[in-house]
Amino acid sequence: MPYCVVSHGDPSAAAAAAGEEGDVRIFYQRYGHGGTKVLLIIGFAGTHESWGPQVKGLTGAVEPVDEESPAGDDGAAGEGAEVCCFDNRGIGRSSVPPHKSQYTTVIMAKDALALMDHLGWRKAHVFGHSMGSMIASKLAAIAPERVASLALLNTTGGGYQCIPKIDWQTISLACRFLRARTPEQRAGVDLDVHYTREYLDEIVGSNTRRQMLYQEYVKGLSSCGMQSRHGYEGQLNACWTHKLTQKELDRIRSSGFLILVIHGRDDVVAQLYHARRLAEKLQPAAKLVELHGGHLVSHERTAEVNMSLMEMIKASKSNTDQGEWSNLPKKSDDLLLAGSDSRLAKRECNIIVIYNLLGKLQLILLFFFGVFYIILEHARRVLRVLKPG
């Protein structure tokens, strides 16, 4: 099987005692051939297989290439595209380090860079989904010279921005997720998290799309196994601790490559507001595409997403100017507007401050809800043990 062995840490006994790591094996698959290199980085609790619709759209291939065939930087020689997708540390066939400190978006971005080195790729179009978009943005900040273009799908800025909008739907989903112990239970939750109800209720042949996808999800979870506790907690830590500093944002948007932010308007996991704000911060390089769809808009609106990704690849090859690429208001226009109406600008700043405070309040409420749920589950177990037979 194709693996890339990554070593970030000190293999000494002292490092091991401190929770640092030695070698980590990253499982990957390559599809297609050509001079255009595309690296796909999947999100939280997802495996490389989640990129299936984009792999097929970009390469036309459904089967991975033979690993004995040459991998390398073909430059401009090939007309087609070579795509690589992989399992992040903590999931699938990749290693599962035991300590939360071994999972950050910086460490995982270095995993991706090590994989590019392993493949012999000097540069690639880097596309990330959800947590994968956080990893992709860190990669772009660490090594912008390795990025041909950057696509961030269903993204947030990490930290409290990972908290979904709290309503009865998300509370219900959170309860079901925490109680899911089998592939069947987890599949039911994942469908409602990933897709809109409208999409799931569509009739395809003699069944609903929900029925068809449910069988696929159960099969996938059963074959790969449920994510381990170490992997789950580690990847969750990577999301909570992720943040792009102003210096990193400046470095990304001034590096010259095009940026595409794609988001589903009905995403219950990553709020659209945060994606819009990130796109604005990445001006003048970013284009924002909003589509009707959920968290896996890349599956729900495959044709539109693939067309946008291929459009960015084509624009990058033709050296399209960032100003022509972006569909967001220019910063100079925003400053002019602010100068003409300072009261409106001040009001907007106050709204942002209030929104950030509400975001932190959501985090506190979610924490107490989680504590309450854990106590309740523990009490139920105790009662079952104490209950006389």
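Where does Thr155 lie? Thr155 sits in the loop between β6 (147–153) and α5 (168–179). Helices are DSSP runs of H or I with at least four residues, strands are runs of E with at least two, and both are numbered from the N terminus. This is a predicted model: local features need pLDDT of at least 70, side-chain atom pairs count only at pLDDT 80 or more, and totals for chains, interfaces and linings use all residues. Residues are numbered from 1 along each chain as its sequence is written, and side-chain values use heavy atoms, with hydrogens and water left out.

Thr155 counts as buried because its relative accessibility is 1%. Buried means under 20% relative accessible area, exposed over 50%, partly exposed in between (1.4 Å probe, protein chains only). Leaving aside neighbours within four places in sequence, Thr155 has contacts (heavy atoms within 4.5 Å) that include Ser133, Val261 and His263.

Now the core. The largest nonpolar core has 49 residues. Such a core is a set of buried Ala, Val, Leu, Ile, Met, Phe, Trp, Tyr and Cys residues joined through side-chain atoms within 4.5 Å. Leu39, Leu150, Ile252 and Ile259 touch the most other members. Helix α3 (residues 105–119) gives the most to this core, with eight residues.

Helix α3 itself has 15 residues. Its first and last C-alpha atoms are 21 Å apart, close to the 21 Å expected at 1.5 Å a residue (1.5 Å times one less than the number of residues). Of its 15 residues, 11 are buried, so α3 is largely enclosed by the rest of the structure. Among them are Thr105, Asp111 and Leu119. Just after α3, Gly120 takes a positive phi of about 80°.
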